[in-house]
Amino acid sequence: MKTITMTLVQEPELYLECYSVTPDQFAGKSLAEIADLPAHEGKIQWKLGDFFKFEGKAGETAADTKIVVNGNVRKMKRFGQKMSAGEVVINSDADMYIGGWMTGGKITVNGNADTFLGIAMEGGEILVEGDAQNYVGSSYRGDWRGMSGGLIRVKGNAGNDIGTAMTGGTIIIEGDAFIHVLTHAEGGTVIIKGDVEGRVGGQMVKGDAYVFGNLLYPLPGFKKVATVEKEVDGATYTFDQYIGDLGERKVKKKGEIIYGNLYLKK
Amino acid sequence: MVNSMAELLIKNGFVFDPILGIKGDIADVAIKNGRITDKVSDKAEIVDASGKTVMAGGVDIHTHVAGPKVNVGREMRPEDKFFRGEYRGGVLKQGKRMEMGFSVPSTWKTGYAYARMGYTFANEAAMPPLFAPHVHEEFRDTPIIDQTAMPVFGNNWFCFEYIKNDETENNAAYIAWLLSATKGFGIKIVNPGGTEAWAWGKNCSSIHDEVPHFEITPAEIVTGLIKANEYLGLPHSVHIHGNNMGNPGNYKDTLDTLRLTSGINTSNKFGREQVLHNTHLQFHAYKGSSWSDFESGAKEVMDYVNQNKNITVDIGQVTLDETTTMTSDGPFEYHLNQLTHFKWANLDVEIETGSGVVPHIYDKDVRTSGIQWAIGLEIALFAKDMMRVYITTDHPNAGPFTRYPGIIAWLMSEKARQATLDTMKWKDKVIDASNIASMDRELGLYEIAQMTRAGPAKALGLLDIYGSLKEGSDGNVAVYNLNADELPSDPALIEDAFRNTAYTVKEGVIVVRDGKIVAEPPKHTLWTKVNMPENAQVMHDIREKFSTSYSINLENYPVFDENIHNARAIELDAN
């Protein structure tokens, strides 16, 4: 795998949209061509080269390309958006839409990520060493199709609306989360290892939510059905299993009604 | 500054004009003062159309591009705009204003996209009378194309009562008043009686189901409105979206509706021959008893249409896209929501109508969508008189209007149809449930001109203005990059030619050049002004209903002059 390193030389005045920073866009291009790729600051179009200097070499394919981002890119959005393969490493905090709509490859954020991390993601892996904000792995505003595949792991805390309208894939929040987890979900798994304020699985049709810590306000649409042992993220624990959302429409598979599951660690 | 007084000469194109009977002859088209004329001076600006196809500006007889339900579609679908706008710097900016949205485009994109396809007129097919000001304000913001809007009458309490009491004259007087109050164009019916029944959680799924609390049936509503339409002699006929739309087996209900025209003829001063226009026939031509044995009823319905000259139809072609359905057929939208569980909006418009909005995905890999796609094309390919069968998508219900070029390619090329069929996962099942695979008919440019300008303009009663290059018509012309003598064998090239004109001319002004918007001259809103003596009974009824059943005062109801943009009244004297 070839590595290309981009280092911040000029901070944008507003927020910069770095939708061009993906292995797919960089693959097969020279450093000059990469520096020429577009980026938007509000309605103004710049080039990536106006903000970054580039070193190293891009691979021939996305899968053979690794991008390392250095410097404080806290005010930059959309790294790895729609990427299909390869790797992006951000050695800083980053702004919104990191890894949105990605279908493959890996993104590592060695800092915090803002809102809309991995929204509508289809595949690949995102690792955030710090915290994430709202809408991790959710659908785009208005859309009914959230994350459908892949893995998002946030080592710190996350905010609201995790896995909204999720249909597949896994989200692991190792810290705490606030409200709205797996709302409207029709599949997928969300594991929260810390505490959750409430509203887990509202209008959920299918999917699995795991809460290791305290769930302060559970929803009334869930009913306890069993106590089970399950292996989660490499270790086995005992959970109380709840099904729901009982107020939502039901889907059937082979004659059996499918429910969403909420597992609370005992 | 654009100069509509200037002279323009479009030279040496292959001209197609079904009204003049011109079938691809090489000819010139002259325009002076915004109108087609027989000759111009040597100072005229020359447009070289040699090797290109020349037609009158396109006429869309049925589309939903303005008003509250379109706006609800825009509001509830932010995702319809995402990654689909062409409005950011770096992407070629096509017009003067921002373009965005796919199935529910912004007003700006609507005007520009129609103009780029060579269309210069579009009829908004369902205006809730109460919200007419909103419709007209969106017209003002839709550039280039002329527009009309049809108020919906098929669930209106006034009409119900006049029809029940067999008061054709009063019904006609009310219709004339409402057309004036809303600056509307003609009579639209959506699910007659069914949308009113929906206010009680019910529907009228056949033409003989009685409307709750009104002791009237859809058959009586349709017949009564046709009578009133012909009593007035309006430019357009009654324009109907019939009962039981979108359900397997509904072709029988459609035939029942069409048979209501039996023996009814028209005498009007606009050259219109039909008394009923059945819109988006594809949604009304379904056989089978459920979605599992669903199949095409296109042949049965078109056999009837072909034999009856007093009926026109448009196809409502499914384009196999993710789109947004929106109709005044409230119960239909509820059923669609129950099938897909996508988000749903629903509205009751007081004593006039209702509506619903639900996104929909016509997936080529879903059997039902494939069969629906086949039915639309079959309707066109079974047609014998192309002056009575028009290209539409019931935009955005079966797909966006921006897909018309693709529909033209499917109709002109069996290869294009086969290629689409070959991509379908359930191809064999689609073939079993339809006739499409056995149809080798390929339409020509003359027939396309009939289906997209001459025919719809005639059915709308607007042939003096649109649809033809005859002297005195508005100077609206489309020049396509198509050599009529050597049509490309690759259907994709036909599609490209119809997507972006070489030139679109609106009232003598070049508005599109090489597929790019270059000017935005003023556009017009057309409406129908009926001159008739005031009807004291009807005015009394109107005042009474406004005091008892409406949420607003009568004085605040009619469209204000400042709402309507560049009005152009089509006048007629009622009997």
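## Close-up views of a predicted two-chain model

**View 1. The loop around Asp245(A) and its cis peptide bond.** In this predicted model, Asp245(A) sits in the loop that runs between strand S19 (235–244) and strand S20 (251–253) of chain A. The peptide bond leading from Gly244(A) into Asp245(A) is cis, and its omega is near -10 degrees. Such a bond deserves a second look, since most peptide bonds are trans.

View 2. The secondary structure of chain A comes to 2 helices and 22 strands, and its C-alpha atoms fill a box of roughly 60 × 35 × 35 Å along the principal axes. The radius of gyration of chain A is 20 Å, which agrees with the value near 18 Å that a compact globule of 266 residues would have.

**View 3. The loop between S18 and H12 of chain B, with Thr393(B) and Pro396(B).** Thr393(B) belongs to the loop between strand S18 (389–390) and helix H12 (404–412) of chain B, and Pro396(B) is found in the loop between S18 and H12 as well. The peptide bond from His395(B) to Pro396(B) is cis, with omega near -5 degrees. Thr393(B) counts as buried because it has 30 C-beta neighbours inside 10 Å, where 20 or more are required. Once neighbours within four places in sequence are left aside, the contacts of Thr393(B) are Gly316(B), Gln317(B), Thr319(B), Ala398(B), Gly399(B), Pro400(B), Phe401(B) and Arg403(B). Asn123(B) is 270 residues away from Thr393(B) along the chain, yet the C-alpha atoms of the two are separated by 13 Å.

View 4. Most residues other than glycine have a negative phi. Leu320(B) has a phi near 65 degrees, a positive value in a residue other than glycine, and is found in the loop between strand S14 (311–314) and S15 of chain B. Asn33(B), with a phi near 50 degrees, likewise has a positive value in a residue other than glycine, and its place is in the loop between strand S2 (22–32) and strand S3 (35–37) of chain B.

View 5. Within helix H1 (residues 68–76) of chain B, the residues Lys69(B), Val70(B), Gly73(B) and Arg74(B) are buried. Seen down the axis of H1(B), its buried residues fall within an arc of 150 degrees, so they line one face of the helix. An α-helix has 3.6 residues a turn, so residues three or four places apart point the same way. The cover over the buried residues of H1(B) includes strand S15 (322–327) and strand S17 (353–361) of chain B.

View 6. Helix H16 (residues 491–499) of chain B has as its buried residues Pro491(B), Ile494(B), Glu495(B), Ala497(B), Phe498(B) and Arg499(B). What covers them includes helix H2 (107–116), H12, helix H13 (414–422) and strand S19 (477–480) of chain B. Ile494(B) and Phe498(B) are in contact with Ile408(B), which, leaving aside its neighbours within four places in sequence, also contacts Ile391(B) and Ile448(B).

**View 7. The nonpolar cores.** The largest nonpolar core has 167 residues, and those with the most contacts inside it are Ile175(B), Leu225(B), Ile379(B), Ile408(B) and Val479(B). Helix H11 (residues 367–382) of chain B supplies the largest share of this core, 9 residues. A second, separate core of 72 residues includes Ala27(A), Ala58(A), Met121(A) and Phe222(A).

**View 8. The contact between the chains, and the confidence of the prediction.** Chain B gives 11 residues to the contact and chain A gives 10 residues; the residues on the chain B side divide into 4 nonpolar, 3 polar and 4 charged. The predictor gives the complex an ipTM of 0.85 and a pTM of 0.93. For chain B the mean pLDDT is 94, with 97% of its residues at 70 or more, but over residues 87–94 of chain B pLDDT stays under 50, and for these the model has 14 contacts beyond four places in sequence. Where pLDDT is low, the predicted coordinates should not be read in detail.

Definitions and conventions:
Residues numbered from 1 in each chain as written. Chains lettered and ligands numbered in written order. Predicted model: local features only at pLDDT ≥ 70, side-chain atom pairs only at ≥ 80, totals over all residues. Core = buried A, V, L, I, M, F, W, Y, C linked by C-beta atoms within 7 Å. Buried ≥ 20, exposed ≤ 12 C-beta atoms within 10 Å, placed from the backbone. Helix = DSSP H or I, 4+ residues; strand = E, 2+ residues; numbered from the N terminus. Contact = placed C-beta atoms within 7 Å. Nonpolar A, V, L, I, M, F, W, Y, C, P; charged D, E, K, R; others polar. Arc of directions from axis to C-beta. pLDDT = per-residue confidence, 0-100. Rg over C-alpha atoms; globule rule 2.2 N^0.38 Å.
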